[in-house]
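Keep the viewer open as you read.

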Amino acid sequence: MALASAVGEGLSGLPAGPTMNSSSASLFESWPQDPTAPMWRIVDPPLPVTVELGTAIVTRPAHFGVNKVRLGIRKGGLRLADTTPGLLRAWARVADGTWLGLVAFTVPTGNGQGRLLVEQWCPQHALTPQNPPSLSRR
């Protein structure tokens, strides 16, 4: 999957590499890999994905009076009802068999005037490849 074409628009503000540790190699240095059952994988080069923000960052469920939030908070607070482009840097297996992806992405504010750069572990179901591989046969 070519990364260069997807990195241009919308991803330029993302961090250049993993920030949890100094390098991709050190990301999992405290988690030995079992070759018979891999529990993690570095994604190099990082792959473009679409992040479903409301699934990746969970807040409390909608509640009574949610529409009574002040306009200033709705405008300036983080908007989690959207999707945003991101870069997938690594995968880590969870004990229940699911996967988490380490993704760098931005979260916009309600009025679109601000954004928060984020790098976090997101559940696999919150991520969609931006350029899924072709399934055509030759």
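Tryptophan 121 counts as partly exposed, at 25% relative accessibility. For this label, buried means under 20% relative accessible area, exposed means over 50%, and partly exposed is in between, using a 1.4 Å probe and protein chains only. Phenylalanine 28, by contrast, is buried, with a relative accessible area of 6%. The ring centres of phenylalanine 28 and tryptophan 121 are 6.2 Å apart with planes at 55°, so this pair is tilted. Because phenylalanine 28 lies in the loop between α2 (24–27) and β1 (40–52) while tryptophan 121 lies in strand β4 (residues 115–123), the pair ties together parts that are 93 residues apart in sequence. Helices (H or I, at least four residues) and strands (E, at least two) are DSSP runs, numbered from the N terminus.

A word on the model: it is predicted, local features need pLDDT of at least 70, side-chain atom pairs count only at pLDDT 80 or more, and totals for chains, interfaces and linings use all residues. Residues are numbered from 1 along each chain as its sequence is written, and side-chain values use heavy atoms, leaving out hydrogens and water.

## The aromatic cluster

How many aromatic pairs does a search of the whole structure find? The search finds four. Rings of Phe, Tyr and Trp (its six-membered ring) pair if their centres lie within 6.5 Å; planes under 30 degrees apart count as stacked, over 60 as edge-to-face and the rest as tilted.

One of these pairs joins phenylalanine 28 and tryptophan 31, edge-to-face at 5.7 Å centre to centre with 65° between the planes. Tryptophan 31 is partly exposed, at 31% relative accessibility. Together, Phe28, Trp31, Trp40 and Trp121 make up one aromatic cluster.

## Proline 48 in strand β1

Now look along strand β1, where you will find proline 48. Is proline 48 buried or exposed? With 1% relative accessibility, proline 48 counts as buried.

## Threonine 55 in helix α3

Threonine 55 has its place in helix α3 (residues 53–56), and is buried at 19% relative accessible area. Its side chain makes a polar contact of 2.6 Å with the side chain of glutamate 52. Such a contact is a pair of N or O atoms within 3.5 Å; within protein, one must be able to donate a hydrogen and the other to accept it, and residues adjacent in sequence count only if both atoms are side-chain atoms.

Leaving aside residues up to four places away in sequence, threonine 55 touches Pro123, His125 and Ala126, where contact means heavy atoms within 4.5 Å.
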